[in-house]
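Hi,

Here is the structure I promised to send over. Have a look at it first, and my notes on what turned up follow below.

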Amino acid sequence: MRLTVAQALVRFLTRQYTERDGRRHRLVAATWGIFGHGNVAGIGQALLETGRPDMPFLQGRNEQAMVHAAVGYARQSGRLSAHAVTTSIGPGATNLVTGAALATINRIPVLLLPGDTFATRPADPVLQQLEVPYAGDVSVNDTLRPVSRHFDRITRPEALVPAALQAMRVLADPVQTGAVTLALPQDVQTEAHDWPEEFFAERVWTVRRPRPATAELRAAAEAVRAARRPLLIAGGGIHHSAAEDALRDFAEATGIPVAATQAGKGALRHDHPAEVGAVGHTGTATADDLARAADLVIAAGTRLTDFTTASSTLFQDPGVRFLGLNLDPYDAHKQAALPLVGDARESLDALRAELAGHRVDPAYEQTYRKAKTYWEALVDQAFHVPDDTDRPTQAQVLGALDALVDDTDVIINAAGSLPGDLHKLWRARSPHQYHVEYGYSCMGYEIPAALGVALADPGRPVWALVGDGSYLMNPTEIVTAVQEGVPIKVVILDNHGYASIGGLSDAVGGEGFGTAYRFRAGDGSYTGPPLPVDLAANAASLGMAVIRTHTIGDLRKALAEAREADHPTCVYAQTRTPDTVSGPPPAQAWWDVPVAETATRAAAVRAREEYDRQAAQRRRHL
């Protein structure tokens, strides 16, 4: 079959599938694109010729945002279906880097198809070519190498066959998945070639569920039986494996409490007796106190990042041991853990069977359930509204939303002060409800991700919660939501700047420097009046229906109206000042942000004293 390289690639992608547990999914279900000279005559023509039935096309407004939308889609699809993203060469390609890093760090599949400079070099240099004197084969696309799980450049038509197969293998691999980049020189995209028919045959990529080794399973069970205060930390791997039922069955059989990372929240419903809330720097007092006293930590599907471990200060029992239940051996061995390498669902079921008849001491269960009740009272207090005519705190905005949603809603956030409040306070009702991207914590992820989630799961109410700093980073895909008629709901919390970093700056002696959106004062500092920026008007100018609110009473009505809307709708709320960050309980564990070792300002000196006190509690678990 004679086709161009671009036509062959698009045709190939339409015939790739994943299969897990007997269910088949399109591996690459659609392609996002912005066209320039580097892809308009190649991939652009191929997508037009293929047509919507075989490869749906989605028109984006910003290259980074297209990757975020693709990540939202793939995460909501359980990583079993993904989107491709095509861009021109030059700035279109380099704009992919942030999105690629986010996808790879969070281990979410996305296929990147950036245009590239000429492989044949008919003129040198060409428009947007990066000239590197020591390497003639380097282009700006090489910036994607460190943030891709697989990278290849197709410099000859026949090279597409092995490259495309390797790309699909990585996309479908539950351990290796992330951003996959196939750089496509603009001349090669348009070259015709005689392709073997077998290249276009349907292929099914099986998503593996490996069981743990017998010896590791027995050692794990022995460690659990020996523990008096075990704690299971549920990470994103529980969701990726669809292991929520297995986790529930394990917790109910053993009585072991379950805390959650940002990626793992919702693995157990908030009202399950064994669910003890968020763990780590943004955790609950209940989970963090259990972590400090735990003599065995079962790290299930988590990378154990610094927020989860409170920068290696959280687990304080002198004899604490770790059990690393993970599909990736790299993660399973962290903290010198006993490894239990395998799929989360298979491993939890196998460990439960190996522990048949074992249960924690009833007094331990009674202790953590009582502590859970105490924390729930604190959440109620943070959500409480004494007067409906007041402006809301950020926590009260979450409380109003919490009172409105049901199991079907999806809440999306990534950056600012909201992830901390959501992790501590949000009551997750279903496995898909809590969608906080905290592996890269990328400002501007929320709105495009909401679009991707809504495309993956039409009919669900999908909420993008954004502070003003995040909104101004990346509101462009509002236009796409309007164009496609996708009824996402955007809640803008106007807190006049980078409220989260403002609070952190105060804590580390930075005195809020450069974190507020204000005019310059007479002394040159940004401490004058707030800027007259109208974010609601901006959202409306992009085609979104906007509901302005002034009080908590207004907010409740607006949220209810937005939830029922069949078109993209924005709820705008100015949070109470000076209480720009909400008033829930403060951090229950430390986070290592180094403070100036020598300084003249008193705030920094005091912050360093506190830093030294906290840092002294660090442990290296061996």
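How many cavities of 30 Å³ or more does the structure hold? This is a predicted model, and it holds four of them.

The largest cavity has about 130 Å³ of space in it. It is lined by 16 residues, and the closest to its centre are Glu275, Gly277, Trp375, Glu376 and Lys424. If you want to find your way there by element, go to strand 14 (275-278), helix 15 (362-383) and helix 17 (418-425), which each give two or more residues to the lining. Helix 15 supplies the largest share, with four residues. By class, you'll see six charged, five polar and five nonpolar residues around this cavity.

Next comes the second largest cavity, at about 40 Å³. Among the residues lining it are Ile89, Gly90, Asp116, Gln128, Gln129 and Asn141. Its lining divides into seven polar, four nonpolar and one charged.

As for the whole protein, there are 24 helices and 23 strands. The radius of gyration is 25 Å, close to the 25 Å that the globule rule gives for 622 residues, so the protein is as compact as a globular protein of that length. Its C-alpha trace spans about 70 × 70 × 55 Å along the principal axes, and 58% of the 622 residues count as buried. If you take the contacts between residues at least 6 apart in sequence, 77% join residues at least 24 apart.

Cheers

Conventions: Residues numbered from 1 in each chain as written. Predicted model: local features only at pLDDT ≥ 70, side-chain atom pairs only at ≥ 80, totals over all residues. Heavy atoms only, no water. 1 Å grid on protein atoms, 1.4 Å probe; cavity = no way out; pocket = protein on both sides within 12 Å on 5 of 7 lines; lining within 4 Å. Points joined across faces, edges and corners; volume = space filled by probe spheres on them. Nonpolar A, V, L, I, M, F, W, Y, C, P; charged D, E, K, R; others polar. Rg over C-alpha atoms; globule rule 2.2 N^0.38 Å. Buried < 20%, exposed > 50% of the residue type's maximum accessible area, 1.4 Å probe, protein only. Contact = heavy atoms within 4.5 Å.
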